[in-house]
Amino acid sequence: MQIESLTDIWDAVCEELKKRMTEISFNVWFKDLHLIEIRNGEIVLGIYSDYKKQIIESNYMHIIKPCIMEIMGIDMEVKIVVEDENGKILQNTVTPANSSFEDSFTFDNFIMGSCNRFAHAASMAVADNPRIIYNPLVIYGPSGVGKTHLMLAIRNRIKEKFPEKKIEYVRCEEFTSNLIEAIHTGTADLFRSRFRNLDVMLIDDIQFIAGKEQTQEEFFNTFNALHQGGKQLVFTMDRPPKDVKTLDDRIRNRLEMGLFADITPPDYETRVGIIKKKAESLGISIEENLVHYIAEHIKMNTRQLEGVVKKLQALISIQNHTPTIAVVQNIIREVVNDTKPEPIKIEKIIAEVARTYDVSENEIISKRKTAELAKARQIAMYIAKETTELGYKPIGEAFGKDHTTVLYAVKKIESWSKENPREKELIDDIIKNLKTEG
C-alpha cells in the first residue's frame, strides 16, 4: 500500500489492528477512531465518545502502539482526544458525532394525529416531569411511525429544562455490543458506571435484548438500580412486550410496571400534516393536489412521506419549476424502492446469532466443533435458509461448509425446534429482529 497522507497511514494501521482483534472489538471501539495529526514523536487520535476513549486507553494501547510501529517504522507516543462533530477538542464532556441530527427532533416538529396522540401526550408528560408520572414509559409500534422521534424529543426537552441531569440515549444494538465487549475485556464495571449513574436512560428497540441471556441480566439489574433510585426510564419496541416470546419474564414484569403507549401508521389527515410540515421546514411549497396525492399513495411509513418531500425539494432547487403529477409518481416509486428492507445478508444473520448465543462471529464460521458452536452454527444456517433466497450451496460456502452440511443443519433445527418450543420462540425472535433491522 502506498502511503501518501494521514488517511493512508491510519487506514494501514487499521488493517493491522483488524489482524490482532476480533471483528466485534474493532467495530465497537475503533470504527470512529481517526488520525488527527502527527507531531514531535506523538500521534494524536480523535474519537467522539469519552467512554470509548477510556476503554481504548485502558485495554488496547498495547495493541495500537505495535501496529503504528509496524506501519511507520518508529516508536511513537499515542494520545487520544475527544472531539465534537466540528473537530473541536472537548475537555470533560462529549457531543456525539450525530448530535446535531438528533437534536433536531422536538415536540414542536412532531405531527400529532389520532394514531399517535396518546404516545405524544405521555412523552410530553415524561419530558416535563421525569420520574414523577410514568416510569417506565414504553412506546411501541412498527418501523417508521415516529417512535424514535418521540424518544429524542423527550431527551432534548429534558436536556433543555433540566441541564443538570445525566441523560443517555442509546440504541439497543449498541447497548448489547458494548456489554459484550465490556465482558470480554474485563471492563464491565466501567460499563455499569456509564449506565447506572444516569438520571434518565432511553433505549431504542429494546426487543433486541430478548433471548440474549447476559444482556437481559445486565439490563434487568440496571433497570432495578435506576428505577429504585427514582430515575426515569424510556424504551421503544416494535411490538408489545407480551408478543416478544423470549423476553425474560422478570423484564416483562418490570416493563408492565409503567405505561404502554402505542403508535399506529399515520391516518390520512396526519399524513397530509406531515407532508406540509416537512415542506415548510425545507422552504418549499407543494400544490395542494400533490400533497393529497402523496398522502393517498404512501400510507404506512412517515419516513417515506418525508423522503418524497426531500426529493421534491431537491428537484425544485435544481430545475426551478413546479413538479407535475407524473414527476411525483416517479419520486414515490423511487422512495418506496429505496426504503424497502434490504435483503438479509448472511453476515447479519451470523452477527445476530452470535450476540444471542454469546459466541463470536469468527467462531461461528470457524472449524471448531464444540457443542455450543455447532448449535449456533446450525441455527445460523437454518435462519439463512429461512430468510434468504440462497440455496444450500452458497449458504454452505459462506460458512466454509458443503451443501450437505447445510441440509443436515436445516433438518436438524427443524426437528429440534419442534421438540423445544422455547428454542423455536428464540429463533423466531431472531428472525423478527433481522427483518426489523432490515
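This is a predicted model: local features need pLDDT of at least 70, side-chain atom pairs count only at pLDDT 80 or more; totals for chains, interfaces and linings use all residues.

The entries below go from a sheet to the helices around it and end with a single residue.

Strands of a sheet pair through backbone hydrogen bonds, either parallel or antiparallel. Here I found five strands that form an open sheet in the order 6-7-8-5-9, and the pairing is parallel. Strand 6 (167–171) and strand 9 (259–262) are the edge strands, since each of them pairs on one side only. From one strand to the next, I noted a twist that averages 15°.

I then looked at strand 7 (residues 200–204) and strand 8 (residues 232–237), which run parallel and are joined by four bridges. As an example I picked L202, and I found that its bridge partner in strand 8 is V234. I also saw that helix 8 packs on the sheet, where it touches strand 6 and strand 7, and that the direction of helix 8 makes about 95° with that of strand 6.

At what angle do helix 8 and helix 10 pack? I found that helix 8 (residues 172–185) and helix 10 (residues 213–228) pack at an angle of about 100°, with their axes 10 Å apart. Angles of 65 to 115 degrees count as roughly perpendicular, so helix 8 is roughly perpendicular to helix 10. On the side of helix 8 the contact is made by F175, T176, L179 and I183, and on the side of helix 10 by Q214, T215, E218 and F219. Sorted by class, this contact has four nonpolar, three polar and one charged residues.

I checked helix 12 (residues 268–281), whose 14 residues should span 20 Å at 1.5 Å a residue, and its end C-alpha atoms are 20 Å apart, which agrees. Among the buried residues of helix 12 I listed T270, R271, V272 and I274, and I275, K278 and A279 are buried as well. Just after helix 12, I noted that G283 takes a positive phi of about 75°.

Is D429 buried or exposed? I located D429 in helix 21 (residues 421–437). A residue is buried when its relative accessible area is under 20%, and D429 has 2% relative accessibility, so D429 counts as buried. Leaving out residues up to four places away in sequence, I found that D429 touches A210, R239, V244, K245 and T246.

Methods. Residues are numbered from 1 along each chain as its sequence is written. Side-chain values use heavy atoms; hydrogens and water are left out. Axes are lines fitted to C-alpha atoms, for helices over the stretch in contact, and angles run from 0 to 180 degrees between N-to-C directions. Helices (H or I, at least four residues) and strands (E, at least two) are DSSP runs, numbered from the N terminus. Angles under 35 degrees count as roughly parallel, over 145 as roughly antiparallel, 65 to 115 as roughly perpendicular and the rest as oblique. Contact means heavy atoms within 4.5 Å. Ala, Val, Leu, Ile, Met, Phe, Trp, Tyr, Cys and Pro count as nonpolar, Asp, Glu, Lys and Arg as charged, and the others, Gly among them, as polar. Buried means under 20% relative accessible area, exposed over 50%, partly exposed in between (1.4 Å probe, protein chains only). Two strands pair if DSSP finds at least two bridges between them. The expected span of a helix is 1.5 Å times one less than its number of residues.
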